[in-house]
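Please look at the structure shown here before reading on.

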Amino acid sequence: MGHVDHGKTSLLDAIRSAKVAAGEAGGITQHIGAYSITKNGQSITFLDTPGHEAFTAMRARGANVTDIAVIVVAADDGLMPQTLEAIQHAKAANVSIVVAINKIDIPGANLDRIKTQLQEKDLTPEEWGGDTITCEVSATKKIGIDKLLEMLLLQAEVLELKADPNQAARGSVVESQVEVGRGPNATIIVRQGTLHVGDAFICGPQWGKVKALFGDSGQSLKSAGPSTPVKVMGFSGPVVPGDEFLVMSNEREARTLGEERQQNQRLDKLSSSRPVTLEGIFDSMADGQKKILNLIIKSDVQGSLEAILESLKKLPMDKVQVNFVMNSIGPITVNDVLLAKASAAVIIGFNTKTDNAAATAAKREEVQIKLYSIIYELIDQVREAMTGLLDPETRESTVGKASVKKVFSLSKFPVAGCVVDSGRIVRTGRARVLRKGQPIYDGSVQTLKRFQDDASEVRTGMECGIRLGNFDEYLEGDTIECYILEKVAQQL
């Protein structure tokens, strides 16, 4: 765990001698990845949690399925906001903390400063008399990697981290998704027991029978023991990361319990719906004046979907309300397009694709689909779209004032003979008549003359004849204030 760009994924690359970071969009980890390695005949499973603040919930979940949290800190950067957040999550999950100080090979690395910062957060390094293990590493130069792994194995020994492989399997969902041809599936970490192909299971409100197991490199497995990360096929529906995965004695038992949980969920939803009240009607009437941006969000995995929703909910919604018509995982389909058409929504896809039929339907129905692979860009674009929905504000800008010196009664109507005291009077502007400082009329400038000629504007110190709209009650000493209306773009 740690701050964005402090080298968590690169450190895993060095440990696995694989190339994960290069494959991440924009170099940012946007999912939780689970990987296993073997050191001295012992297995260690790593969870790579994203560093961006939007993934707080995912990181919290990451800490809760782990026994030891490795906090990665860049030697040249120190403890940053998300580092402190990661430490809080690890402490809240009551897991042991090991600190990996990365990038020790680059100029500007200051190890003492980082250890002082750690001490301030009650993580006093062992060499300073505390009990927090710190390892100095460089992911790019492969320095200190072996020591880090040895320290993790030593810590596991001290903590007596053990599991019985002969029990019925129990685990935690780390990530879930819906794939074409594979249906709903999930990455789980087995906590106890051994999971076998063919096992019946319950997971949250979903149930199923393990159809296939895949390891972290995509290899097909027959079974998975404690601490093994595996992708499981055979769920009855999509599950939520953090759900507990439990092997049952048979499929019928699993199905009965799953249906019971689903029924309870439905009842909870119904009981939490608000009763209709007069105050509620007034509130909804007031809300009706807000602009609404309808969105359908599709993501590749559940964790990213949660992160996007959390980020979008933090956008200011005083003037524009974001309405999430539907949020789900998987590719964008024709059904999504038809729903978007019916609800006047924009479809946003994150790390997912649009199938051919959906692309054709979107063109036909004139539904906009926007695809993104970096969360920052997605949030910024939604913010821009919300701002675009706001009507520009009309602002009044005073351009000049004139005093009425004499009133001329012409054959049809009176005209005010004026002297411009400040600024200018413009023919295309609007004006109000002020008497003793109080406005008594507001209207457009009907006529503006210099002597006998029409004028487009008259400046300070000049005389002119003015007639406003259908007003004909000018008095000497009145002030005519000329102003223009400007349209200014609103901000959220």
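## Helices H9 and H10

Helix H9 (residues 334-343) and helix H10 (residues 356-365) have axes that come within 8 Å and cross at roughly 20°. Axes are lines fitted to C-alpha atoms, for helices over the stretch in contact, and angles run from 0 to 180 degrees between N-to-C directions. H9 and H10 are therefore roughly parallel to each other (angles under 35 degrees count as roughly parallel, over 145 as roughly antiparallel, 65 to 115 as roughly perpendicular and the rest as oblique). The crossing of H9 past H10 is right-handed, where the near helix is turned clockwise from the far one by less than a right angle.

From H9, the contact uses Val334, Val337, Leu338 and Lys341, and from H10 Ala357, Ala358, Ala361, Ala362 and Glu365 (contact means heavy atoms within 4.5 Å). Seven of these residues are nonpolar, none polar and two charged. Ala, Val, Leu, Ile, Met, Phe, Trp, Tyr, Cys and Pro count as nonpolar, Asp, Glu, Lys and Arg as charged, and the others, Gly among them, as polar.

## Basis of the model

The model is predicted: local features need pLDDT of at least 70, side-chain atom pairs count only at pLDDT 80 or more, and totals for chains, interfaces and linings use all residues. Residues are numbered from 1 along each chain as its sequence is written, and side-chain values use heavy atoms, with hydrogens and water left out. Helices (H or I, at least four residues) and strands (E, at least two) are DSSP runs, numbered from the N terminus.

## Two other helix pairs

H1 packs against H5 at an angle of about 90°, with the axes 10 Å apart; H1 and H5 are therefore roughly perpendicular to each other. Leu11, Ala14 and Ile15 of H1 meet Ile145, Leu148 and Leu149 of H5. This contact has six nonpolar, no polar and no charged residues.

The axes of helix H8 (residues 302-313) and helix H11 (residues 375-389) come within 10 Å and cross at roughly 35°, and H8 passes H11 in a right-handed crossing. On the H8 side are Ala307, Ile308, Ser311 and Leu312, which meet Ile375, Leu378, Ile379 and Val382 of H11. By class, seven residues are nonpolar, one is polar and none is charged.

## The largest pocket

The lining of the largest pocket has 37 residues, and Ile44, Thr45, Asp67, Leu161 and Ser227 lie nearest its centre. On a 1 Å grid over the protein atoms alone, a pocket is an open set of points where a 1.4 Å probe fits, with protein on both sides within 12 Å along at least five of seven lines; lining residues have an atom within 4 Å of a point. E2 gives the largest share of the lining, seven residues. The lining divides into 22 nonpolar, eight polar and seven charged residues.
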